[in-house]
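User: Can you walk me through this model? I'd like to start with the loops, then move on to cores and contacts.

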Amino acid sequence: MKRYAAPLILLAAIAALAVVGTAGASHQVKSPVKGSFRYCSDPTFPPMESTTTAGKPTGFDIDMANAIGKFWKVKANFVQTAFPGLLPALSAKKCNMVISGIFITPDRVKSFPAVSYMKTHRALVVQAGNPKKIKGPNDLSGKLVAVQAGTKYEEYLKALNDQFKSAGRPQFTLQSYPGDTDAVAQLLIGRADAVLTQDTSGAFQKQAHPGKLALAYLFPETDSFGIYYRPSDKKIGVALRTAIKQLKKNGTLKRIAAKHQIPVSDVK
Amino acid sequence: MLASFDAHIFWEALSSKPYWNGALLALELTLVSLGVACVIGFFLALGRSSRFRWVRAFVFFYNWIFRATPTLLQLLFIWNALPQLWPVFAGSWFKPFLAAFIALSLNEAAYMSEIIRAGLLSVDPGQELAARALGMTRPRILRRVIVPQAIRIIIPPTGNEFITLLKLTSLAFVISLHELLTAAQVHATVDFRYPEAYGAALVYYLAIVSVLMAVQAQLEKRFTWSSAGRRRRNPVPAVAHDAR
């Protein structure tokens, strides 16, 4: 798959250019930033963002950031940041916004406003054939679960473990890793029994490691991925909302989703 | 001016369980790793001057491998690569703490071996000759003559190593072991109060290192045999009287 990544990106870039080019012509767009903007991202969460073997960032969020840049007629600059450091970097003005497959949650929104661009489900990823017969969160009791640190997944799993404890059931061993890919790697190594992540990531990993992984369970609730910005940057917020609305309307986001094997119905 | 340092959040972080557990974990990991590293390092240091060529070669090779590669790489290798080489390491018995302990103590042993070697070399070879002349065996010479003198040289750099190792434990985050620094990171992401969250971690590190420095000072005093401070406390016995 990786072999075709470069030409694919080129193709998509040309496509995005064409689409946004026409969109830009028909709308008088005012950029909230001069020349360029920086976005913080943790490229360990394919297909939203990851790095190619050559170390170049790639993924839905990267293409979307570039599309927003084209829309505003400015350059989008990628700033690599570890996931727990994303919002800290935003508040420290290391970047203008965070685009990193990060959820919109009530407690995050208390500190930073966000613009939603995608709705997806959480998923339990297991080894192919589901050797531990995990059919839902209840079956995690007594198992070894790997997850990315500092995420809502980790928070949820900790709460679930507390529930198991108060119900007198065996707790699971929770291991939290710096990156989502690090957590999935624990499944491939054969150490972890399950990984909690997003369906987007799960589907991607399943495809990247054919015959090794399976999606055991999809949570019914949806989560919104959002672009976070600083509360003081009202201009960026307004411009982001317009840009996302426009990129949804003209089909750019759907096209980018399809390119990265994300269900186009998630773009909403 | 500290426009927005919330003392309440700071105290809450300082007294929270994750911080305490994280600090304890960092300290435990440091102590056991350094302890084992001292033992391995001691034998490596002896091996450097072994009569057998292959022993000397092994020590050289060991120190080369563990000092030339990053500690982070060693941690990741033990945690992620070993299970692929030998599936037995994928078992649940192979806990993150155990992996970090193995990686850090093997790594630290290489450094300790050089420190201990320096200590052993600092003892004049004449001392060993004299002890042999008295009919002491080699282990006994080591225990009674060389080590007590070498320790004075070894203690200060070992204090350094302890501090370095304490800070290195934060690397174990990559193998899902959550010590003090991770606790601070996680706490910071809850309410985005960085000065307070990091400040609390700072206090813990300072506290641990302060205690260590006090212990080191005591140890140094204990192993001094020519300083004025020690002589005052143990006045020279009356032997001097007869000699007059």
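This is a predicted model: local features need pLDDT of at least 70, side-chain atom pairs count only at pLDDT 80 or more; totals for chains, interfaces and linings use all residues.

User: OK. Where is A:Lys73 found?
Analyst: A:Lys73 is found in the loop between α2 (60-72) and β4 (75-80) of chain A. Its phi is positive, about 60 degrees, although A:Lys73 is not a glycine.

User: Is A:Lys73 buried or exposed?
Analyst: Exposed. A:Lys73 has 12 other C-beta atoms within 10 Å, and a residue with 12 or fewer counts as exposed.

User: And what about the phi of A:Asn130?
Analyst: Positive too, about 45 degrees, and A:Asn130 is not a glycine either. A:Asn130 lies in the loop between β6 (114-127) and β7 (144-148) of chain A. With 17 other C-beta atoms within 10 Å, A:Asn130 is partly exposed.

User: Which peptide bond is cis?
Analyst: The one from A:Pro46 to A:Pro47 is cis, with omega near 0 degrees. A:Pro47 sits in the loop between β1 (36-41) and β2 (50-51) of chain A.

User: Zooming out, how is chain A divided?
Analyst: Into domain 1 (2-120 + 223-266) and domain 2 (121-221). In contact are 15 residues of domain 1 and 19 residues of domain 2 of chain A. On the domain 1 side, nine residues are nonpolar, five polar and one charged.

User: How many helices and strands in chain A?
Analyst: Nine helices and 10 strands. Of the 268 residues of chain A, 46% count as buried.

User: Switching to cores. Which residues touch the most other members of the largest nonpolar core?
Analyst: B:Leu75, B:Ala100, B:Leu180 and B:Ala184, in a core of 49 residues. α5(B) supplies the largest share, 12 residues.

User: What does B:Leu75 touch?
Analyst: Leaving out residues up to four places away in sequence, B:Leu75 touches B:Ala100, B:Ala103, B:Leu171, B:Ala172, B:Val174 and B:Ile175. There is also a second, separate core of 44 residues, which includes A:Ala67, A:Ile99, A:Leu240 and A:Ile256.

User: Last one. How many residues of chain A and chain B take part in the contact?
Analyst: 16 residues from chain A and 17 residues from chain B. On the chain A side, β8(A) gives the most, with four residues. That side has eight nonpolar, seven polar and one charged residues.

Conventions. Residues are numbered from 1 along each chain as its sequence is written. Chains are lettered from A and ligands numbered from 1 in the order in which they are written. Two residues are in contact if their C-beta atoms, placed from the backbone, lie within 7 Å. Helices (H or I, at least four residues) and strands (E, at least two) are DSSP runs, numbered from the N terminus. Ala, Val, Leu, Ile, Met, Phe, Trp, Tyr, Cys and Pro count as nonpolar, Asp, Glu, Lys and Arg as charged, and the others, Gly among them, as polar. A nonpolar core is a set of buried Ala, Val, Leu, Ile, Met, Phe, Trp, Tyr and Cys residues joined through C-beta atoms within 7 Å. A residue is buried if 20 or more other C-beta atoms lie within 10 Å of its own, exposed if 12 or fewer, and partly exposed in between; C-beta atoms are placed from the backbone. Domain bounds come from an automatic or database domain assignment.
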